[in-house]
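Trainee: I have a structure open and I'd like to learn how to read it. Could you walk me through it?

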Amino acid sequence: RVSMLVPAALFLIAATAIKYLCWDTPTGRRYSAAEMGKAQGPSMWDYVEVIKDPRVVVMIFQYGACFGTELAMNNQLATHFRTYFQM
């Protein structure tokens, strides 16, 4: 159907963007840290700078809430499927 063309096109655009714009690939890193202008690994101060951004803090809380909800739902769904569908 025609309605499947939009998601298919978006998928192909996203896949192409990931292929050519991401620096970390399954076969290895495309760029080294030295090429990107960073001679050493991150320090503790780099992490402190990141945590100062409120968007990062909100993202951490959202991820924590989603993960907790996922664990609770998996626990409840296992019982539900065992009770009602003998799975």
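Predicted model: local features only at pLDDT ≥ 70, side-chain atom pairs only at ≥ 80, totals over all residues.

Trainee: What does the C-alpha trace span along its principal axes?

Mentor: About 60 × 40 × 25 Å.

Trainee: And how much of the protein is made up of buried residues?

Mentor: First the cut-offs: buried means under 20% relative accessible area, exposed over 50%, and partly exposed in between (1.4 Å probe, protein chains only). Buried residues make up 1% of the 87 residues here. The accessible surface comes to about 8,300 Å², and 69% of that belongs to carbon and sulfur atoms. Such areas come from the Shrake-Rupley method with a 1.4 Å probe; for residues, only the protein chains shown count as cover.

Trainee: Is Leu10 buried or exposed?

Mentor: Leu10 counts as exposed, because its relative accessibility is 54%. You'll find Leu10 in helix H1 (residues 5-21). Leu10 and Cys22 are 12 residues apart in sequence and 17 Å apart in space, C-alpha to C-alpha.

Trainee: Now, how do I read salt bridges?

Mentor: Side chains of opposite charge can pair when their charged atoms come close. The rule asks for a side-chain nitrogen of Lys or Arg within 4 Å of a carboxyl oxygen of Asp or Glu. By this rule, the count is 2 salt bridges.

Trainee: Which side chains meet in them?

Mentor: Lys52 meets Glu49 at 3.3 Å, N to O. Lys52 is exposed at 52% relative accessibility, while Glu49 is partly exposed at 38%. Asp53 and Arg55 form a salt bridge too, at 3.0 Å, N to O. There, Asp53 is partly exposed with a relative accessible area of 22%, and Arg55 is exposed with 65%.

Trainee: What about patches on the surface?

Mentor: Patches are made of residues with over 30% relative accessible area and no salt bridge: like charges are joined within 9 Å, nonpolar side chains (Val, Leu, Ile, Met, Phe, Trp, Tyr) within 5 Å. In this model, Met73, Leu77, Phe81, Tyr84, Phe85 and Met87 make a nonpolar patch of about 660 Å².

Trainee: Where do Tyr84 and Leu77 lie?

Mentor: Tyr84 lies in helix H3 (residues 54-85), and Leu77 lies in helix H3 as well. Tyr84 counts as exposed at 57% relative accessibility, whereas Leu77 is partly exposed at 34%. The C-alpha atoms of Leu77 and Gly64, 13 residues apart along the chain, are separated by 20 Å.

Technical notes. Residues numbered from 1 in each chain as written. Heavy atoms only, no water. Helix = DSSP H or I, 4+ residues; strand = E, 2+ residues; numbered from the N terminus.
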